[in-house]
Amino acid sequence: VRLATEALLGALDERGFFDFTIPAEFGLQILDLKLVDAVDNEFHEPHSFIAAWAYGTVRTTTVLGLSQTAVDLLADELGAGLGPLLSEDGPSEPVYESFLADVFIDSYEFPGSTDISLALTDQGIRVVLVVNEPVVVNGRVDAGPLSNFRATIANVRIEGLVKTAVVRGKTEVSVEGVSVSSAAPDITVDGGLIPDAVFEWMVGNIEEPVAEAVTLELPSVLEEVIASAAGQFDVNVPNQSYDLVGRYSLDAIRVHKSGAELVLATTVDVPDGDGPGAPISDYTVGAMPVAQDAVLIELNTLNQYLFALWRAGAFERSYDETELEDVLGKNVPGLDKLDPVIDVRFTALRPPVATAAANGLELSIGRAELVVSIDTEFFQVVARGQIAARAEVVGAVDSYSLSPKVSLTEVYVDIDQHAFAGLDTERLEALVQGAVPKLMDEWAKKIRDIKLPRLELDGLGTPGRYFGLEAAEGGSTAAGITLTGVAAAGQ
């Protein structure tokens, strides 16, 4: 037997081994080895290996990018539910002290909705909050005798600069440079007397405690919304009775005039097992698309996710005659007339590997064990072999979830030599060739279970409502898959 592959011309040694050096980039390499025996019979044997910078688990990130348009839509959602959240009890300390009287505020009421604008700048987020209905301040004046008062303040407008940061995984939001304007308050007093100087202060300054209340409460609302992008999600494992767990944790918030980005450290639980771990690429993550709504999923994130699923046993699949009905008549004419009972079983012996491609991702399966069983009234066939295949995966988002489009680009089938009742190896391979597109479509689409990062809006009084990338198409870079589209609120 000699090795006749054009790129690897040479002879096998006496033990049947060969040793060649070939260039290999990151990913799964597939060699279609051509072997020729002493009487010139040809055999094809797919051989594969994974080339990587390292193997194991590394810190990866997923990035949610929002344009100014998306931030405007998010501001609308915030404004619709913010009023009740701003309504709160006043501070225990007086807001005004003098030898004449002390002024206490017992509660603030923000009825109805508010209009919020969030303008992205290189310094932070410029916020303008306009309260559509008069703010009500309930309080008391202690001037010896106690006087209760109710102040109604119309046209309240508050401006400031929102600063965001992530400290040890926790979101921190503050509002700086706050200014407030309003119409003159309408103050009614219930009992007692308020000294003129104190009343004059209330008329001229009562809106300032309102601004302070907003400055304290608005950051906590924003912190809760931003922090909701983090958390864990379940990843379904076919063929198993348990789920894997994926996790997002906040790593950074980047705000600039062209957009805002939430950077999330991303992990997925990997079941215990032997072997070196997931293949790791040493790419450099590039910049997000400018002024667009987008999600970036790193290549290492995808490969660690695929590796975890593979180790959990998710890449096993069998097809019966009902699932291969369209293949039988086309690829193996006549077999369908024999009412066959068919089982074509695939088991991936190596993890699938995702790499960057011109129009998206390329998903490669290096060595999948194959067992074909066919049972008819006239004969039985059991054959074994292996396949290797590649598919182009174009990323997309539909209804806030990954919805990849898959096209088979390469397939290699090697079945042990058999000939039963005219069902020779070539016909068996034709049957398998017809099943492989179905297989690769299913296996590539397992990335659908990766939950895209989104902001939960439950705390705004709309249970189950969220904000994220609703629809998108995507390409890829060396860093992974970038999906650009439209962000919106959904439920």
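The model is predicted: local features need pLDDT of at least 70, side-chain atom pairs count only at pLDDT 80 or more, and totals for chains, interfaces and linings use all residues. Residues are numbered from 1 along each chain as its sequence is written, and side-chain values use heavy atoms, with hydrogens and water left out.

Let's start inside. A search of the whole structure turns up 3 cavities of 30 Å³ or more; on a 1 Å grid over the protein atoms alone, a cavity is a set of points where a 1.4 Å probe fits but cannot get out. Of its 20 lining residues, Leu-74, Ile-125, Ile-226, Ala-260 and Leu-455 sit closest to the centre; lining means having an atom within 4 Å of a point. By class, that lining has 18 nonpolar, 1 polar and 1 charged residues (nonpolar is Ala, Val, Leu, Ile, Met, Phe, Trp, Tyr, Cys and Pro; charged is Asp, Glu, Lys and Arg; the others, Gly among them, are polar).

Next comes the second largest pocket, with about 180 Å³ of space; a pocket is an open set with protein on both sides within 12 Å along at least five of seven lines. Its lining divides into 4 nonpolar, 4 polar and 3 charged residues, with Glu-25, Glu-362 and Arg-390 among the residues there.

Finally, look at helix H6, residues 425-444 (helices are DSSP runs of H or I, at least four residues, numbered from the N terminus). H6 bends by about 30° at Ala-435, and Pro-437 follows within four residues; the bend is the angle between axes fitted to the seven residues ending there and the seven starting there.

Notes
Grid points are joined across faces, edges and corners, and a volume is the space filled by probe spheres set on the points. Helices (H or I, at least four residues) and strands (E, at least two) are DSSP runs, numbered from the N terminus. The expected span of a helix is 1.5 Å times one less than its number of residues.
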